[in-house]
Amino acid sequence: MAALRRTLHLTSLAAGTRRTVAGSLAGSCLADRSLWDKLHAQPRQGSVRTFDWFFGYEEAQGLLLPLLEKARAACPARVLDVGCGTSSLCTGLYTKCPHPVDVLGVDFSPVAVAHMNSLLGGGQGQTPLCPGHPDSSLHFVQADGQNLQPVASSGSFQLVLDKGTWDAVARGGLPEAYQLLAECLRVLSPQGTLIQFSDEDPDVRVPCLEKGSQGWTVTVQELGPFRGITYFAYVIQGSD
Ligand SMILES: C[S@@+](CC[C@H](N)C(=O)[O-])C[C@H]1O[C@@H](n2cnc3c(N)ncnc32)[C@H](O)[C@@H]1O
């Protein structure tokens, strides 16, 4: 049931917001890069420069800012958003977080990465983004979340974020999703926090996370409802 609801939700978002592409995507898999390249290439309406699956930075900040406050000993706190797409999470952290943050957004879609780099640098006549703290920084790099070796060393991030990426990768198979999780945990500092945001029910997701993150503690927080849908933050932290 949860899986069905998730399918309907992801499908309806794609169909509702990206109608022209969705029509030609029957049978496509959300784990395929070519599908994401097409979705990320869709024109944005009006002055909207980011597109969020689920919800955006404004809805997530209440959970993220206290964690970054706690991580201030590492100055700046390093944040990784795996499968960042063209979401407002990285840009919101960079422009609005009052603490110094060093944010890295990675996605396997070069289209998403190019869009975010253009937004960051003020391409297409836009104003470049300004940091919320003078010591904050933001970068976007193309990388596969299942192999972060080229872009991230072990234990180097205080906060790792996955908003909808497990959901997409798991469409290609659970082993691939476990590999994504293993990479997120490899790059996480032992005192750090990994958060997966998803609409998948805890009775489905928690057993998977407990299996894939032994030695870490998994807790769940309910978020929303946003636009009528309840989401979950799956929080994975070191067990002290
Ligand atoms: C559901 S979207 C979420 C995008 C963004 N996090 C958001 O909340 O709007 C899933 C994202 O994961 C990316 N993705 C899927 N598989 C990936 C992989 N193996 N490595 C890196 N990114 C991946 C897709 O390109 C897409 O941007």
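Helix H3 (residues 33–40) and helix H6 (residues 110–121) pack with their axes 7 Å apart and at an angle of about 35 degrees. The axes are lines fitted to C-alpha atoms, for helices over the stretch in contact, and angles run from 0 to 180 degrees between N-to-C directions. Helices (H or I, at least four residues) and strands (E, at least two) are DSSP runs numbered from the N terminus. This is a predicted model, in which local features need pLDDT of at least 70, side-chain atom pairs count only at pLDDT 80 or more, and totals for chains, interfaces and linings use all residues. Residues are numbered from 1 along each chain as its sequence is written, and side-chain values use heavy atoms, with hydrogens and water left out.

**Helices H3 and H6**

- On the H3 side, Arg33, Asp37 and His40 meet Pro110, Val111 and Ala112 of H6; contact means heavy atoms within 4.5 Å.
- By class, this contact of H3 with H6 has 3 nonpolar, 1 polar and 2 charged residues.
- In this classification Ala, Val, Leu, Ile, Met, Phe, Trp, Tyr, Cys and Pro count as nonpolar, Asp, Glu, Lys and Arg as charged, and the others, Gly among them, as polar.

**The protein as a whole**

- The secondary structure comes to 9 helices and 7 strands.
- Of the 240 residues of the protein, 50% count as buried; buried means under 20% relative accessible area, exposed over 50%, and partly exposed in between (1.4 Å probe, protein chains only).
- Among contacts in the protein with a separation of 6 or more, 76% are accounted for by residues 24 or more positions apart.

**Nonpolar cores**

- The largest nonpolar core has 41 residues, of which Leu64, Leu161, Ile195 and Phe197 touch the most other members.
- Helix H4 (residues 57–70) gives the most to this core, with 6 residues.
- Another core lies apart from it and has 28 residues, among them Leu148, Val160, Ala170 and Cys184.
- A nonpolar core is a set of buried Ala, Val, Leu, Ile, Met, Phe, Trp, Tyr and Cys residues joined through side-chain atoms within 4.5 Å.

**Helix H5**

- Helix H5 (residues 88–96) is mostly covered, with 7 of its 9 residues buried.
- The buried residues in H5 are Ser88, Leu89, Cys90, Thr91, Gly92, Leu93 and Tyr94.
- They pack against H4, strand E1 (77–82), strand E2 (101–107), H6, strand E3 (137–142) and strand E4 (157–163).
- At the start of H5, a side-chain oxygen of Ser87 reaches to within 2.9 Å of the backbone nitrogen of Leu89.

**The ligand**

- The ligand is surrounded by 19 residues, and the closest are His40, Gly83, Asp107, Gly145 and Lys163; a residue is near a molecule or strand if one of its heavy atoms lies within 4 Å of it.
- A polar side-chain atom of Lys163 lies 2.6 Å from an oxygen atom of the ligand.
- Trp53 has a backbone N or O atom 2.9 Å from an oxygen atom of the ligand.
- For Phe108, a backbone N or O atom lies 3.2 Å from a nitrogen atom of the ligand.

- Glu200 is found in the loop between strand E5 (188–198) and helix H9 (202–212), and is buried, with a relative accessible area of 4%.
- The side chains of Glu200 and Arg205 make a polar contact (2.7 Å).
- A polar contact is a pair of N or O atoms within 3.5 Å; within protein, one must be able to donate a hydrogen and the other to accept it, and residues adjacent in sequence count only if both atoms are side-chain atoms.
- Thr219 lies in strand E6 (residues 216–226) and counts as partly exposed at 37% relative accessibility.
- Leaving aside neighbours within four places in sequence, Thr219 is in contact with Ala233, Tyr234 and Val235.

**Backbone details**

- Cys75 and Pro76 are joined by a cis peptide bond, with omega about 0 degrees; Pro76 lies in the loop between H4 and E1.
- The peptide bond from Gly224 to Pro225 is also cis, with omega near 5 degrees, and Pro225 is in strand E6.
- Phe54, in the loop between H3 and H4, has a positive phi near 70 degrees and is buried, with a relative accessible area of 2%.
- Arg227 has a positive phi of about 45 degrees although it is not a glycine; it lies in the loop between E6 and strand E7 (229–238) and counts as exposed at 69% relative accessibility.
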